Amino acid sequence: MPSTTTAADLLEGVPNFCTIDETAKLLRCSRRHINRLIAKRILVFVKLGSERGCKVLVPRKAIAAYIAQYLG
């Protein structure tokens with residue numbers, strides 16, 4: 001019987017926006033890998049603050065979309 005678990009189900013309880021470190025922990029990969037995904041525009045992100053002191057956040061929906069690519 002096929003699994004009906006969705007990416008959104010896997011991320012239940014996760015904040016709407018995650019830091020790079022939180023995203024890496026969720027995806028069980030390195031911070032460097034997350035930065036590569038962001039640089040290649042594979043993972044959507046939001047920058048908050050000025051150019052010099054900005055905070056990069058990844059929306060939960062973007063993480064869910066990335067995970068959904070690998071769910072059968």
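User: How many aromatic pairs does the count come to, and which class does the pair of Y66 and Y70 belong to, stacked, tilted or edge-to-face?

Analyst: This is a predicted model, and the count comes to one aromatic pair. The ring centres of Y66 and Y70 are 5.5 Å apart, and the planes stand at 70°. Planes over 60 degrees apart count as edge-to-face. The pair Y66 and Y70 is therefore edge-to-face.

User: Is Y66 buried or exposed, and is Y70 buried or exposed?

Analyst: The cut-offs are under 20% relative accessible area for buried and over 50% for exposed. Y66 has a relative accessible area of 12%, so Y66 is buried. Y70 has a relative accessible area of 60%, so Y70 is exposed.

User: In what order do the three strands of the open sheet lie, and which are the edge strands?

Analyst: The pairing in this open sheet is antiparallel, and the order is β1-β3-β2. An edge strand pairs on one side only, and this applies to β1 and to β2 (46–48). Neighbouring strands are turned by 40° against each other on average, direction ignored. The edge strands are β1 and β2.

User: Which residue of β3 stands opposite T19?

Analyst: T19 is placed in strand β1, and three bridges join β1 to β3 in an antiparallel arrangement. Leaving aside neighbours within four places in sequence, T19 is in contact with K55, V56 and L57. The residue of β3 opposite T19 is L57.

User: Does T19 count as buried or exposed?

Analyst: Buried requires a relative accessible area under 20%. The relative accessibility of T19 is 19%, so T19 counts as buried.

User: Where do the buried residues of α2 lie around the helix, and what is included in their cover?

Analyst: Helix α2 (residues 20–27) has I20, T23 and A24 as its buried residues. Down the axis of α2 they fall within an arc of 100°, so they line one face of the helix. Their cover includes β1 (17–19), α3 (31–39), β3 (55–59) and α4 (60–68).

User: Which residues of α3 are buried, and what do they pack against?

Analyst: The buried residues of α3 are I34, L37 and I38. Seen down the axis of α3 they lie within an arc of 100°, so they line one face. R32 and A39 are exposed on the other side of α3. The buried residues pack against α2, β3 and α4.

User: What does L11 touch beyond residues up to four places away in sequence?

Analyst: With residues up to four places away not counted, L11 touches L26, R60, I63, A64 and I67.

User: At what angle does α4 run to β3?

Analyst: Helix α4 lies across β1 and β3. Its angle to β3 is about 55°.

Note on methods:
Residues are numbered from 1 along each chain as its sequence is written. This is a predicted model: local features need pLDDT of at least 70, side-chain atom pairs count only at pLDDT 80 or more; totals for chains, interfaces and linings use all residues. Side-chain values use heavy atoms; hydrogens and water are left out. Buried means under 20% relative accessible area, exposed over 50%, partly exposed in between (1.4 Å probe, protein chains only). Helices (H or I, at least four residues) and strands (E, at least two) are DSSP runs, numbered from the N terminus. The arc is that of the directions from the helix axis to the C-beta atoms. Contact means heavy atoms within 4.5 Å. Rings of Phe, Tyr and Trp (its six-membered ring) pair if their centres lie within 6.5 Å; planes under 30 degrees apart count as stacked, over 60 as edge-to-face and the rest as tilted. Two strands pair if DSSP finds at least two bridges between them. Axes are lines fitted to C-alpha atoms, for helices over the stretch in contact, and angles run from 0 to 180 degrees between N-to-C directions.
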